[in-house]
Amino acid sequence: MRDAFITINDTTLRDGEQSAGVAFNIGERIAIARALADAGVPEIEIGVPAIGGEELDAIEAITQLGLPAHLMVWGRMCEADLRSAAACHVHLVNLSIPVSDIQLQHKMQRDRAWALVNVERIVAMAVDAGVDVCVGAEDASRADPDFLYQVAEVAQAAGARRFRFADTLGLLDPFTAFARIAKLRSVIDMEIEMHAHDDLGMATANTVAAVLAGATHINTTVNGLGERAGNAPLEEAVMALRVAYNIDTGIDTLSFPEISRLVAQASGRPVAPNKSIVGEAVFTHESGIHVDGLLKNILNYQAFDPAVVGRAHRLVLGKHSGTQAVRQAYAQLGIFLRNDEARLMLQCVRNHAQLTKQAPSQSDLKRFYLEAATHAALQTC
């Protein structure tokens, strides 16, 4: 088990914005960059200079903020993109090149030899220009492993600082991710960055596996924003490393609710209620067995204190509630139920949940009790 520090490189402003239909304006980009830096995110990928226009304006605006984070821009492995990236005066430049045969042949109409020559030439040019380079290995998970390692060795020899392993189509599983990164770690000495997509729902797991195998940096996006199914979510990666492996990222986890809301609003992509860490319902309990256990000791049914991520437990009443939860809910209203009353109110709660598909409000609970009391009084007349 690795007990170390891992560096987050958040790409919400680059890959996150590549989600279909998402377009941040300059104000939103600045707000997101500030929020990430304030939360302690040490590296932020802020855009693609080759797009030009407002993209360049936003990149310049962010570089002028003086944020306590290293800034990165993204480009293709070519002279034009290198020039536009170098002109941005950021700390790091990612230069991306396909490394799988399918993309080399059918996207670039090139071969492996071209890729190796291009990496060597463009990286050397960047280093000569004083640029710190991360070589982005696009579609690395579908590349021939031996060729991938050859690309990494050429990148290192040319002076690259970092090698980004991109699971571009989100096809890896954690076991394969671990094996690929472990082998890559044995081949090169430079920084290794994991870039995982979530097409099969394994982006966070693959990211964690990469860290355990020796990756030094990981790409994340807030709320898992990104192309198709998105990228490894910032909040998930940070908490998975912290809770499961005691690996520090230096991120202020109390900031998660606010950053999540900010990105959800700017992107127009609402967060699902059951989304881990930041979903509205993930610390909400209804099941009678779970509620009873939580009331006895919260560790019975909670892996970590929600206060760590700026949240709180919430108990709701519904079809699966038990009398213990009903007693507590009424006690908060100053009504202390007898056993028979608790059973009766529980039935009212369950009927309400099935009819309305909602948890009863405090006014509903009061109404149930008053109606039951009135009925009982009439029965005695």
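Which backbone nitrogen does the side chain of glutamate 341 reach? Keep that in mind while you get your bearings. This is a predicted model.

**The whole chain**

Show everything as a cartoon. Now colour by burial. Of the 381 residues in the chain, 50% are buried. Next, think about contacts between residues at least 6 apart in sequence. Among these, 71% join residues at least 24 apart.

**Glutamate 341**

Select helix H13, residues 339–356, and pick out glutamate 341 within it. Show its side chain. It reaches the backbone nitrogen of arginine 338, at 2.9 Å. Is glutamate 341 buried or exposed? It is buried, because its relative accessible area is 15%, and the cut-off for buried is under 20%. Now leave aside the neighbours within four places in sequence. Glutamate 341 is then in contact with Phe336 and Tyr369. Select both and look at them beside the glutamate.

**The largest pocket**

Move on to the largest pocket. Its volume is about 400 Å³. Which residues are the closest to its centre? Select Arg14, Trp74, Ser96, Lys107 and Glu138 to see them. They belong to a lining of 25 residues.

S4 gives the most, with four residues. Nine residues are nonpolar, eight are polar and eight are charged.

**Helix H6**

Select residues 145–158. This is helix H6, with 14 residues. Draw a line from its first C-alpha to its last. The helix reaches 20 Å, close to the 20 Å expected at 1.5 Å a residue.

Which residues of H6 are buried? Pick Phe147, Leu148, Tyr149, Val151, Ala152, Ala155 and Ala158. Then show what covers them. The cover includes helix H4 (101–106) and helix H7 (174–187). H5, S5 and S6 are part of the cover too.

Glycine 159 follows H6, and its phi is positive, near 110 degrees.

Most residues other than glycine have a negative phi.

Select histidine 89, in the loop between helix H3 (79–86) and S4. Its phi is positive, near 55 degrees. Show the surface here. Histidine 89 counts as exposed, because its relative accessibility is 68%.

Now jump to asparagine 246, in the loop between helix H9 (234–245) and helix H10 (256–267). Its phi is also positive, near 55 degrees. Asparagine 246 is exposed, with a relative accessible area of 54%.

**Last stop: isoleucine 247**

Stay in the loop between H9 and H10 and select isoleucine 247. Is isoleucine 247 buried or exposed? At 2% relative accessibility, isoleucine 247 counts as buried. Asparagine 246, by contrast, is exposed.

Valine 211 and isoleucine 247 are 36 residues apart in sequence. In space, the distance from C-alpha to C-alpha is 9.3 Å.

Technical notes:
Residues are numbered from 1 along each chain as its sequence is written. This is a predicted model: local features need pLDDT of at least 70, side-chain atom pairs count only at pLDDT 80 or more; totals for chains, interfaces and linings use all residues. Side-chain values use heavy atoms; hydrogens and water are left out. On a 1 Å grid over the protein atoms alone, a cavity is a set of points where a 1.4 Å probe fits but cannot get out, and a pocket is an open set with protein on both sides within 12 Å along at least five of seven lines; lining residues have an atom within 4 Å of a point. Grid points are joined across faces, edges and corners, and a volume is the space filled by probe spheres set on the points. Helices (H or I, at least four residues) and strands (E, at least two) are DSSP runs, numbered from the N terminus. Ala, Val, Leu, Ile, Met, Phe, Trp, Tyr, Cys and Pro count as nonpolar, Asp, Glu, Lys and Arg as charged, and the others, Gly among them, as polar. Buried means under 20% relative accessible area, exposed over 50%, partly exposed in between (1.4 Å probe, protein chains only). A polar contact is a pair of N or O atoms within 3.5 Å; within protein, one must be able to donate a hydrogen and the other to accept it, and residues adjacent in sequence count only if both atoms are side-chain atoms. Contact means heavy atoms within 4.5 Å. The expected span of a helix is 1.5 Å times one less than its number of residues.
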